[in-house]
Amino acid sequence: IISYPIFNIVYQSMHDVSRFGAIRGFNGLENFYSVFSDPVFLDATRRTLVWTACVVGGTVLISVPVALVLNQDFHGRGIARTIVMLPWSVSLTMTAVVWRWAFNDDYGMVNVTLQRLGLIGGPIHWLATPELAFPVEIAVGILVSIPFTVTIFLGGLSSVPGDIYEAARIDGASSWQQFRQLTLPLLRPFINMAILLNVIYVFNSFPIIWVMTQGGPDNGTHILVTYLYELGFRLGRPGQAAAVSLVVLGMLTGWVQDFLVI
């Protein structure tokens, strides 16, 4: 299940492969040379790192306070938790389609809402330029990652005994001191788990960028997985796509190994 696909990818990356998958002949590292000399690949690699760091970092920063609020005992907590978790059950592709409609230039709810509030004078072309499209996709990536991350943090908070907070309050610790000295250290294993899993998911996240912009405009929102898909299925270069997939595998494997060692 695991070893054969990896062997097949390595085999294809070192051969000239037609768009229909026929092996034409051995070409060594030619596919890697072609990929590494492509400026789109270099930009996609840099953008992948920015995409992963921003989405994972933003998700963790927002999910911690959300989990802390949902962990409190208040009326309607179950409904609030359901509302936060509900987007997790929706297909990521369908979510991306909805957000693409929301950011439409003419009838999208984002432009309509901002114009009615008087914040903008005319429609903004959110997905027409890389300078706007990529930050929009990062924001969507954060929003769709919050439910899963909040679930992890809620599990961690539920395992924290309440006695230590009561003892801290008796000793005169403020809310901020309790959070910094108690909550964060006890939540750290769950934060590490959330970061690790989110990096793996976000690094390989395909639907959001592909559905919203398909790597455009002008290849300005490509990350490695969308670039790989375009190479293999649009441009008909399976050998180069296999080479990119090995680069992705190497980057993720190296990062996960370093993270686990740390």
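Asn-198 lies in helix H9, where helices (H or I, at least four residues) and strands (E, at least two) are DSSP runs numbered from the N terminus. With a relative accessible area of 3%, Asn-198 is buried; buried means under 20% relative accessible area, exposed over 50%, and partly exposed in between, using a 1.4 Å probe and protein chains only. Setting aside neighbours within four places in sequence, Asn-198 is in contact with Val-56, Thr-59, Ser-145, Phe-148, Thr-149 and Phe-203, contact being heavy atoms within 4.5 Å.

The model is predicted, so to speak of local features a pLDDT of at least 70 is needed, side-chain atom pairs count only at pLDDT 80 or more, and totals for chains, interfaces and linings use all residues. Residues are numbered from 1 along each chain as its sequence is written, and side-chain values use heavy atoms, with hydrogens and water left out.

As for the overall layout, the chain has 12 helices and two strands, and along the sequence they follow the pattern α-β-β-α-α-α-α-α-α-α-α-α-α-α. The C-alpha trace spans about 75 × 50 × 25 Å along its principal axes. Of the 262 residues, 40% count as buried. Among contacts with a separation of 6 or more, 65% come from residues 24 or more positions apart.

Next comes the nonpolar core, a set of buried Ala, Val, Leu, Ile, Met, Phe, Trp, Tyr and Cys residues joined through side-chain atoms within 4.5 Å. The largest one holds 55 residues, of which Trp-51, Phe-103, Phe-153, Met-212 and Val-244 touch the most other members. Two or more residues each are given to this core by helices H2 (30-36), H3 (39-70), H5 (92-102), H7 (130-158), H9 (175-203), H10 (207-212), H11 (224-234) and H12 (238-261). H7 gives the most, with 13 residues. In soluble globular proteins, nonpolar side chains tend to be buried together. Around Phe-153, leaving out residues up to four places away in sequence, the residues touched are Val-60, Ser-63, Val-64, Ala-67, Leu-187, Phe-190, Ile-191 and Ala-194.

H7 also packs against another helix. Its axis and that of helix H4 (residues 77-85) come within 8 Å and cross at roughly 135°, with axes taken as lines fitted to C-alpha atoms, for helices over the stretch in contact, and angles running from 0 to 180 degrees between N-to-C directions. H4 and H7 are therefore oblique to each other, given that angles under 35 degrees count as roughly parallel, over 145 as roughly antiparallel, 65 to 115 as roughly perpendicular and the rest as oblique. Arg-81, Val-84 and Met-85 of H4 meet Pro-147, Val-150, Thr-151 and Leu-154 of H7. By class, that makes five nonpolar, one polar and one charged residues; here Ala, Val, Leu, Ile, Met, Phe, Trp, Tyr, Cys and Pro count as nonpolar, Asp, Glu, Lys and Arg as charged, and the others, Gly among them, as polar. Val-84 itself is partly exposed, at a relative accessible area of 22%. Beyond its neighbours within four places in sequence, Val-84 is in contact with Val-66, Leu-70, Pro-147 and Val-150.

Asp-16 has Gly-25 of E2 as its bridge partner. Five residues separate E1 and E2 in this hairpin, and Gly-21 in the turn has a positive phi of about 90°.

Most residues other than glycine have a negative phi, and most peptide bonds are trans. Asp-218, not a glycine, has a positive phi of about 55°, and at 75% relative accessibility Asp-218 counts as exposed. Asn-219, also not a glycine, has a positive phi of about 60° and is partly exposed, at 31%. Just after H11, Gly-236 takes a positive phi of about 70°.

Technical notes: Two strands pair if DSSP finds at least two bridges between them.
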